[in-house]
Amino acid sequence: MALKQYHNEMYLADGKVRPHYEPFAQWLSETPPERIAQDRHAADLLFHRVGITFAVYGEASGTERLIPFDIVPHVIPAERWDVLARGLKQRVTALNRFLHDVYHDREILAAGKVPEDQVLGNSQYRPEMVGIDVPGGVYAHIAGVDLVKNADGEYYVLEDNLRTPSGVSYMLENRKMMMRLFPELFATQHIRPVDHYPDLLLETLREVAPRDVESPVIVLLTPGHFNSAYFEHAFLAQQMGIELVEGQDLFVQDDTVFMRTTQGPQRVDVVYRRIDDDFLDPLAFRPDSMLGVPGLLSAFRAGRVALANAIGTGVADDKSLYPYVPEMIRFYLGEEPILKNVPTYQLRDPKDLAYTLAHLPELVVKETQGSGGYGMLVGPTASKDEIENYRRRIVDAPERFIAQPTLSLSLVPTFCGDALSPRHIDLRPYVLSGNEVRFVPGGLTRVALREGSLVVNSSQGGGVKDTWVVD
Amino acid sequence: MLSRVASNLYWMSRYVERAENTARVLDVTWRMSLLVKEPRLQDQEWFAPLNITGTLFPFSGRHSLVCAKEVLHFMALDPENPCSIYSCAKQARENARAVRGALTSEMWEVVNSTWLEMQQMDEARMNARGVSAFFDWVKERSHLFRGVTFGTMRRDDAYHFTRLGTHIERADSTARILDVKYHILLPSVKDVGRAVDYYQWSAVLRSVSAFEAYRKVYRDAITPIKLAELLILRDDLPRSLAFCMRQVSETLEIVQNDRSAETLRQAGQILSQLRYGRIADIFASGLHEYLTDYLDAMQELGTHIQGSFFSPTLPR
């Protein structure tokens, strides 16, 4: 595949450096390769020492791996970011309105803008949430919206992660690492800071406390240290100065949530939970869950505790409802969508199914409820066998899949060995919704380290980069 | 603070302290083994570390010979031995990892990088750098851990439970080290009070970093009774039983709750026996017997601490 069909973030088609990359390119050309090699090694050691690791499922238990960090940043000009930021705010606001709507009056369904059966029949739809008022009407307090830049230079939303999006700790640690290793880069240009993210998150969580108290008790609920994102849970709890709790640390009595402390039970107001709905409350959802808190749903429904994110947000980030998000924006906000959607084929639709089956080698096919890059088919890089196997899975249950044209994810030069080579990236900004919508500029840039690969997930051999929004 | 977190912090620092004390016991044994003695007594001191830590039984299950090489490996590096320095470093790190949010980043880095380095260690490397150098390294990591704890941690419950673990473990281990002489057969009766005996007692003193303290306090030759007095009853020596128990008792006062009265009473009882005890009485009834009773009481106190603070609070 010729590289020229991709958008390169750093270089123009004629090989000249784009203006917003110039200070970095200048620095790169002036810095001795030995120093860069040395600092890249230093970064690895530091990440190991700080323990920024993630567990990989399917490997020997307790396997911890370092997420590869690349020192070439993903640079975004401020004026470009400001448009993105407005688009993100618009999109997440509409998604929150949608969630409130489907659990209350269902106006958008009545108006025929979103097919009713796709919402009410969705496995992520939670009947338990019908008629429940959540503080401020906010359901998805933390959203991670995955963006890619196509060959046309335009950003597209790949998916909205509204359940328990992860990765923000890498965004923060990547910046810390870059400032530690290359302070001179930050002295010569204005790179917008990101390290106040934990403050914004804490503010957001405070705002949704159902009880009117001076300082509500907020906890971060983790599945525990075997979870792949445990490092991040601990990191965020520490940065916000809140307790990191496991299910066994909490109990519910009289619809009130308490945590077990050395001084006896203490009431909890807000639970920032990093556990999926299914495992949250064994009394309400999966009875075999050892991770959850019995009675939590009941306390939540009684309005005695806030959950961030709320239960049932999965219905809005489900891939089968993704095609309707632009319609949601028009319906609730009366605005035209600022961010583009990727054209999507719904395989429940016989016409789309027929087209997809005829064009599998060109398309990306995903499970509507998959995440983490597990179980997807990337047509152009898949083998014949993989495609045929996948075809059988689709035919068995077409409604579980969507297909999209293979996007030409943009490229950023990346160190592979000691040489720079272009690699595909995506961008996940984190959008916080409380009384207002907040975010830090940029987000987490993920990079597919294998040549030609379009899969950026860390579980699939992806790495990360610092993301700079420069004025 | 969360009961689970308190428990992890307590065990984290117990394991760090245990690794250090195991290194101390092995170091002192190593030094004693270098003393010239009759061939028939060769290696007899290597029973001591096994007896002290109560691991003679699991050891003999897998080894037929008690000798320096085997015991050193078993106590320092053997992943199968839950009391080995290796296992302690691992346990400390596992406990720390479970409660990273409650640690300062410096504390985590110390515990984590100790474990990372420990994994690189094998018999060849340990011998190459010298056995004593390895023990020094273990002690230094433990010193560093305590220093970082002291220097970076807010004086909240997390700090208190961390310190509680350190002092409970040390109160236990000094008593075991003091008992080491009981487990080592004296070379022969005629050696009592002679050079070999002197070296053995001074090795015990050095193993708890109390050699200089002894000289300063007594300005006298080393005698078992004075040494025992120093390590049991002096409350200004940081590794003595009295000192450790005072710390334990004071910490328990700070973290007490409405279920901890019996725990505090037990700690107070052990402390007052140390505070008002007389060394002559202790020797009259037998040092080994005294230490055995003391260790039993410590065991029970540990169980009560578990029950008062770490067991999940059941509603109503």
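Which residue stands opposite A:Leu427 in S22(A)?

First, some housekeeping. This is a predicted model, where local features need pLDDT of at least 70 and side-chain atom pairs count only at pLDDT 80 or more, while totals for chains, interfaces and linings use all residues. Residues are numbered from 1 along each chain as its sequence is written, and chains are lettered from A and ligands numbered from 1 in the order in which they are written.

Let's start with chain B. Its secondary structure comes to 17 helices and zero strands; helices (H or I, at least four residues) and strands (E, at least two) are DSSP runs, numbered from the N terminus. The C-alpha trace spans about 65 × 45 × 35 Å along its principal axes. Chain B has a radius of gyration of 20 Å, which agrees with the value near 20 Å for a compact globule of 316 residues. That radius is taken over C-alpha atoms, and the globule rule is 2.2 Å times the number of residues to the power 0.38.

How much of chain B is buried? Of its 316 residues, 46% count as such. Here, buried means 20 or more other C-beta atoms within 10 Å of a residue's own, exposed means 12 or fewer, and partly exposed is in between, with C-beta atoms placed from the backbone.

Now the meeting of the two chains. In chain B, 21 residues are in contact with 22 residues of chain A, contact being C-beta atoms, placed from the backbone, within 7 Å. On the chain B side, helix H1 (3-33), helix H5 (85-98) and helix H6 (105-119) each supply at least two residues. H6(B) gives the most, with four residues.

The largest nonpolar core has 205 residues, and A:Leu95 and B:Met245 have the most contacts inside it. A nonpolar core is a set of buried Ala, Val, Leu, Ile, Met, Phe, Trp, Tyr and Cys residues joined through C-beta atoms within 7 Å. H1(B) brings the largest share of this core, 14 residues. Leaving out residues up to four places away in sequence, A:Leu95 touches A:Ala140, A:Asp160, A:Leu162, A:Ala316, A:Val325 and A:Met328. A second, separate core of 10 residues includes A:Tyr345, A:Leu347, A:Val365 and A:Phe401.

A:Leu205 is buried because 25 other C-beta atoms lie within 10 Å. Its contacts, not counting residues up to four places away in sequence, are A:Ile218, A:Val270, A:Tyr272 and A:Ala308. A:Leu205 and A:Ile142 are 63 residues apart in sequence, yet 9.6 Å apart in space, C-alpha to C-alpha.

Finally, the strands. In chain A, strand S18 (residues 411-416) and strand S19 (residues 419-428) pair in the antiparallel sense over six bridges; strands pair if DSSP finds at least two bridges between them. The bridge partner of A:Leu411 in S19(A) is A:His424. Two residues lie between the strands of this hairpin, and A:Gly417 takes a positive phi near 65 degrees. S19(A) also pairs antiparallel with strand S22 (residues 444-448) of chain A, over four bridges. And here is our opening answer: A:Leu427 stands opposite A:Thr445.

Elsewhere in chain A, three strands form an open antiparallel sheet in the order S8-S9-S10. Its edge strands are strand S8 (250-253) and strand S10 (264-267), each pairing on one side only.

Key:
Contact = placed C-beta atoms within 7 Å.
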